[in-house]
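Please look over the sequence and structure before reading on.

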Amino acid sequence: AVVAAGGQCAVNPKGREMGIARKIGLTDEGKRHPMYEGKSAVFDAFICHLDEVTELPESATLLACNSFTHVQGLEVRHLNGTFWGVQYHPEYNVKEMAMLANARKPALIKEGFFLDDEAASAYVARLEALYAEPQRKDLSWGMSIDEDVLDDDIRQRELINWLRYISN
């Protein structure tokens, strides 16, 4: 949507943002936008990407950002359409993040996310255990994963809001 409307995307010079995007903050426009209705002004979310928006088109409104990736949420108006987009993944749950980390183990080890296969496998196992027993504070606290990621209603708020918006 960004490129179609005249903006640009490129590989993030900081590398991959993986696991949990920390401290995503809503802009003033984001705080008023229907996509973020009921969402905290600052939150964490599942993430996995290499690319980022490097230049917003004139028709875009920045809604959310963090220190790793400037554009974490936006609205793009182009031709007759309006697009709401996020860089993070509200649709992923803990199990899906475990599967994604497992599938990308070689790349994540090479990029320094894990020391070796054993460390990567241990991370995946902790995510799978947290999915199986989300009440385990030892796992959630030890991985710094809060309700904004574990609670479906909070994590998926953007999707819920979008579905409400298009059905009205």
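## Local features of a predicted model

Q: In which helix is the place of Asp-148?
A: The model is a predicted one. In it, the place of Asp-148 is in helix α6.

Q: Which side chain of opposite charge is nearest to Asp-148, and how far away is it?
A: Asp-148 is buried and has no salt bridge. A salt bridge would need a side-chain nitrogen of Lys or Arg within 4 Å of a carboxyl oxygen. The nearest side chain of opposite charge is that of Arg-22, at 6.9 Å.

Q: The backbone nitrogen of which residue lies 2.8 Å from a polar atom of the Asp-148 side chain?
A: Leaving aside residues up to four places away in sequence, Asp-148 touches Phe-43, Asp-44, Ile-154 and Arg-155. The backbone nitrogen 2.8 Å from a polar atom of its side chain belongs to Asp-44.

Q: How many disulfides does the structure hold?
A: A disulfide requires two cysteine sulfur atoms within 2.5 Å. The structure holds none: for Cys-9, the nearest cysteine sulfur is that of Cys-65, 16 Å away. The number of disulfides is zero.

Q: What is the relative accessible area of Cys-9, and what is that of Cys-65?
A: Cys-9 is partly exposed, and Cys-65 is partly exposed as well. The value for Cys-9 is 43%, and for Cys-65 it is 22%.

Q: How wide an arc do the buried residues of α2 cover around the axis?
A: Helix α2 spans residues 94–103, and its buried residues are Val-94, Met-97, Ala-98, Leu-100 and Ala-101. An α-helix has 3.6 residues a turn, so residues three or four places apart point the same way.

Q: Which elements do the buried residues of α2 pack against?
A: The buried set consists of Val-94, Met-97, Ala-98, Leu-100 and Ala-101. Their packing partners are β2, β3 (42–49), α3 (105–110), α4 (117–132) and α6.

Q: Which residue caps the N-terminal end of α2?
A: A side-chain oxygen of the capping residue lies 2.9 Å from the backbone nitrogen of Lys-95. That residue is Asn-93.

Q: What is the phi of Lys-23, and is the residue buried or exposed?
A: Lys-23 is found in strand β2, residues 17–26. Although Lys-23 is not a glycine, its phi is positive, about 50 degrees. Its relative accessibility is 65%, so Lys-23 counts as exposed.

Key
Residues are numbered from 1 along each chain as its sequence is written. This is a predicted model: local features need pLDDT of at least 70, side-chain atom pairs count only at pLDDT 80 or more; totals for chains, interfaces and linings use all residues. Side-chain values use heavy atoms; hydrogens and water are left out. Helices (H or I, at least four residues) and strands (E, at least two) are DSSP runs, numbered from the N terminus. Buried means under 20% relative accessible area, exposed over 50%, partly exposed in between (1.4 Å probe, protein chains only). Lys and Arg count as positive and Asp and Glu as negative; His and the chain ends are not counted. A polar contact is a pair of N or O atoms within 3.5 Å; within protein, one must be able to donate a hydrogen and the other to accept it, and residues adjacent in sequence count only if both atoms are side-chain atoms. Contact means heavy atoms within 4.5 Å.
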